[in-house]
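Below is a short report on one protein model. It covers a metal site, a pocket, the nonpolar cores and some backbone features.

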Amino acid sequence: MPVEPYDAGYMEEHKIKHLSFHAYLRKLDTQTNRQSTINTSFIPPLEAPDYRVKTDCKGGHAPWPAGICTKCQPTAITLQLQQFRNVDHVEFSDASLIDNFINFWRATGAQRLGYLYGRYEPYTEVPLGIKAVVEAIYEPPQEGEIDGLTLGLPWDAEGAVDHVALLCGMQRVGVIYTDLTDDGTGLGTVLGKRHADSYFLSSLETCFSAEMQRRHENSSRFSSTGKFGSKFVTCVVSGNVEGGIDVQAYQVSNNAMAMVEADIIEPSVEPGTMRVKDETATRYVPDVFYKYKNKYGVNVQENAKPCFPVEYLLVTLTHGFPSNPNPLFRAKSRFAIENRMGMQTQDLQAVGRVLSNEADLVDNLGDFHLIAFLAQQSMLAEDELALLAKAATSHQMEDVYALVEQPGWQTLMTIVKETANDAPMATASAGGSASGSANVSGIATPSERACPHCTFVNGGNASSCEMCGLPLDS
Ligand code: ZN
């Protein structure tokens with residue numbers, strides 16, 4: 001007999017902490033539907049937690065908040081480590097994705113957030129596992145600070161970015177952000193703030209992830225509500241205990257999503273502690289408990305009001321890079337990254353630098369930042385956008401030929417060429433003059449040099465670009 005994918009011995013032996021979603025589902029389905037020899041109707045084995053007061057109560061009282069009864073009030077919540085995870089692993093298709101992302105912090109000292117675009121695939125390292133494969137990191141408008149960042153600025157391009165991602169076979173699979181602080185040793189090492197004795201995800205971040213997951217709910221026909229959990233992941237780039245820069249991947253539990261939805265938890269000033277909100281006339285808060293083993297190895301149940309450790313809501317994922325990288329986007333010359341104001345500029349002149357002739361197309365079109373920018377120019381018809389996405393991801397000459405024959409593309413390239421001719425050339429020669437910095441973000445003094453690939457202004461002694469890593473003289 002083959003072992004079941006949820007076999008406890010196998011999990012223990014392979015050091016797998018959480019069951020994969022499909023192994024968990026099979027376990028519940030066996031218990032719910034397959035143990036009975038009588039062929040009864042199918043019962044959905046999954047139930048997403050819901051801690052809101054039911055609004056359609058038949059208890060014969062005025063609806064909440066005017067009335068409540070035992071039928072419509074949520075049951076007590078007992079928090080335990082979630083047995084399973086909706087996603088097991090995060091795979092970054094290429095190490096340069098992380099490197100280019102961290103470069104923002106390296107250059108400015110401010111923290112940065114990006115959305116992860118990619119797809120979900122089977123993950124064979126755990127039974128019936130799922131991995132999120134990340135192919136691009138898109139940085140939405142934001143304000144970065146030394147100790148954090150603020151989202152919520154208008155993001156007009158959001159629809160266009162999601163749409164072109166979809167044409168490339170991708171969706172938003174998660175979020176990544178930095179929490180990096182130079183440790184002051186001058187060795188390039190950073191502070192290791194997140195560990196077993198402090199916290200992994202702060203209570204504020206846990207609420208943020210719960211909200212993100214709520215916006216990306218998973219559909220499941222095995223759930224009584226048709227919805228169950230989320231496959232949206234959260235990655236944090238921070239210092240490890242050795243002072244190195246590391247990525248950690250998490251999800252928050254289905255309980256965390258439900259508690260945020262019911263508005264019964266909030267972050268506390270202590271990052272490792274979550275607060276249970278106070279009950280009000282319109283907010284019903286059920287009893288919340290958490291269980292742990294005390295120093296005598298005895299299971300103890302503790303009241304979680306007013307506070308409880310945030311770990312009860314976390315699910316840890318593994319992450320890594322493929323041994324044989326085969327990224328979807330393979331541009332040789334990188335286009336500027338969006339929303340990096342005062343550092344990199346996305347404009348038609350920058351497009352001209354990476355797509356100056358037709359031979360560049362097959363080499364340089366494969367860049368999500370570039371095609372997302374082109375998609376926002378609203379010069380390409382829907383079928384032309386699809387051809388653009390195809391040429392950018394297939395790296396086939398025939399797909400490039402199909403694209404360059406399109407009238408919308410030809411118009412776009414004509415405008416790109418005219419823009420390039422109108423602008424003074426950027427000088428990149430050693431000891432060059434101060435002229436020709438019109439298409440460079442920031443003001444390049446004679447001792448500074450603008451990168452011909454990404455427009456980042458480098459110090460005079462640099463031979464390769466601090467931002468994109470490419471040589472300044474090419
Ligand atoms: Zn009721």
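## Zinc site

Donors here are N, O and S atoms within 2.8 Å of the metal. The model is predicted. On that cut-off, the protein donors of the zinc ion are Cys-57 (SG), His-61 (NE2), Cys-69 (SG) and Cys-72 (SG). The site is tetrahedral, with angles of 104 to 119° among its 4 donor atoms.

Along the chain, the donor residues follow the spacing C-x3-H-x7-C-x2-C. Cys-57 and Cys-69 both sit in the loop between α2 (21–34) and β2 (77–79), so the pair ties together parts that are 12 residues apart in sequence. Is each of these two cysteines buried or partly exposed? The cut-off for buried is under 20% relative accessible area. Cys-57 has 22% and is partly exposed. Cys-69 has 18% and is buried.

## Cis peptide bonds

The loop between α2 and β2 also holds Pro-65. A cis peptide bond joins Trp-64 to Pro-65, with omega at about 10°.

Another cis bond runs from Lys-305 to Pro-306, where omega is near 0°. Pro-306 belongs to the loop between β17 (299–303) and β18 (307–309).

## Largest pocket

The largest pocket holds about 790 Å³ of space. Its lining has 32 residues. Nearest the centre are Leu-113, Leu-149, Leu-204, Glu-205 and Phe-208.

Which element supplies the largest share of the lining? Helix α5 does, with 7 residues. By type, the lining divides into 15 nonpolar, 9 polar and 8 charged residues.

## Nonpolar cores

The largest nonpolar core counts 74 residues. Those with the most contacts inside it are Tyr-117, Met-259, Phe-308, Leu-365, Phe-368 and Trp-409. Helix α9 (residues 368–375) gives the most to this core, namely 7 residues. A second core is separate and has 23 residues, including Leu-97, Trp-105, Val-134 and Val-237.

## Helix α6

Why does helix α6 (residues 254–261) count as largely enclosed by the rest of the structure? Because 7 of its 8 residues are buried. The buried ones are Asn-254, Asn-255, Ala-256, Met-257, Ala-258, Met-259 and Val-260. Met-259 is also among the residues with the most contacts inside the largest nonpolar core.

Just after α6, the backbone at Asp-263 takes a positive phi of about 60°.

## Other positive phi angles

Leu-128 is not a glycine, yet its phi is positive, at about 55°. This leucine is found in the loop between β5 and β6 (129–138). Leu-128 is partly exposed, at 34% relative accessibility.

Ser-378 is not a glycine either, and its phi is positive at about 40°. Its place is the loop between α9 and α10 (382–394). Is Ser-378 buried or exposed? Ser-378 is exposed, with a relative accessible area of 67%.

Conventions: Residues numbered from 1 in each chain as written. Predicted model: local features only at pLDDT ≥ 70, side-chain atom pairs only at ≥ 80, totals over all residues. Heavy atoms only, no water. 1 Å grid on protein atoms, 1.4 Å probe; cavity = no way out; pocket = protein on both sides within 12 Å on 5 of 7 lines; lining within 4 Å. Points joined across faces, edges and corners; volume = space filled by probe spheres on them. Helix = DSSP H or I, 4+ residues; strand = E, 2+ residues; numbered from the N terminus. Nonpolar A, V, L, I, M, F, W, Y, C, P; charged D, E, K, R; others polar. Buried < 20%, exposed > 50% of the residue type's maximum accessible area, 1.4 Å probe, protein only. Core = buried A, V, L, I, M, F, W, Y, C linked by side-chain atoms within 4.5 Å. Donors = N, O, S within 2.8 Å, 3.2 Å for Na, K, Ca; no water. Tetrahedral: all angles 85-135°; square planar, octahedral: opposite > 155°, others 65-115°.
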